[in-house]
Amino acid sequence: MMLRTKAAFRLALCLSVSACTGSHEKFTATSDGSNVLNVADAAIAGGNVNMALNISRSVLARDPHNLDALYHEGAAYYAMGRCEDAIAAYQRALQSDPHSSQAQTGIGRCLIRRNALEAERAFTSAVADDPDNAAAQSDLGVARALGGDFNGAIEPLQKSLLLAPGNTATETNLGLVLALSGDSADALQYLGPLAISPNATPKVRADYALALVGAGRQDEAWHVLAVDLPPDKLRAALHGYEALLSYQTKPDHKADRATQAVRPPTDDAPNVQLANEATF
């Protein structure tokens, strides 16, 4: 999370494992074309999505119903920002396998760019078809958080960590939604170790500072924020966090889940937008 203006913060939730690690979704190809699809995996990992798309198309030209190739085609289109084409590829996969958790996850990742509620439905289907899909569980938590349902986001993020322990992206997201739901003590358990890690990012430190403010430890939050913010921004940041947490944790507060944003009641309070920045 980074300070964007004096009165606005963006709380960015990285979608799934790949969003924060810079890696891609690994597909397991078992049918004809598996070797070349492994090359497509490497192409996506290296940022050569055109090669990955051409490889998946070559397999599909011979075998139009090859699920693995359809997954790769969808992933390549997604990486290119062509979400409608990606959704079409995943929908063709669902025609062959109506219970494909992988296809539903891919659709959800495209939908989340425009509507968190639609994405949540896709991820709900994905985890219903495969409860052990750690990425889909994490994505479901992110979709709920993007829609303002922080309490509802906690359980799938926790399930994802049980399935894939130690995933930094999911730990960060879980810590953030815990803080926004009013559980700063548990949030600190996740964010504290990440924030003092040599690999800590400004976002992780900012999320940690938010949890510290929620726990009433403003002095510590000041020192954490001072690593990344100039002195003239620190007081405004702390006041913004206080206003944000006060608003989010009001018993009668209900987030507007249709807007995929949580807007505090005054212009002086931070404008929070939980945004997907995922890539495969």
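**Reading a helix pair**

Analyst: In this predicted model, helices H6 and H7 are roughly antiparallel to each other (angles over 145 degrees count as such). Helices here are DSSP runs of H or I with at least four residues, numbered from the N terminus.

User: At what angle do H6 and H7 pack, and how far apart are their axes?

Analyst: Two packed helices are described by the angle between their axes and the distance between the axes. H6 (residues 101-111) and H7 (residues 116-129) pack at about 165°, and their axes lie 8 Å apart. Axes are lines fitted to C-alpha atoms over the stretch in contact, with angles from 0 to 180 degrees between N-to-C directions.

User: Which residues of H6 and H7 make the contact?

Analyst: Contact means heavy atoms within 4.5 Å. Those of H6 include Ile107 and Leu111, while Ala122 and Phe123 are among those of H7. The residues of this contact divide into six nonpolar, five polar and three charged; Asp, Glu, Lys and Arg count as charged, Ala, Val, Leu, Ile, Met, Phe, Trp, Tyr, Cys and Pro as nonpolar, and the others, Gly among them, as polar.

User: Over which residues does pLDDT stay under 50?

Analyst: Where pLDDT is low, the predicted coordinates should not be read in detail. The pLDDT, the predictor's confidence in each residue from 0 to 100, stays under 50 over residues 1-10 and over residues 257-280. The protein averages 82.

Analyst: Residues are numbered from 1 along each chain as its sequence is written. Local features need pLDDT of at least 70, side-chain atom pairs count only at pLDDT 80 or more, and totals for chains, interfaces and linings use all residues, while side-chain values use heavy atoms, with hydrogens and water left out.

Terms used: Helices (H or I, at least four residues) and strands (E, at least two) are DSSP runs, numbered from the N terminus. Angles under 35 degrees count as roughly parallel, over 145 as roughly antiparallel, 65 to 115 as roughly perpendicular and the rest as oblique.
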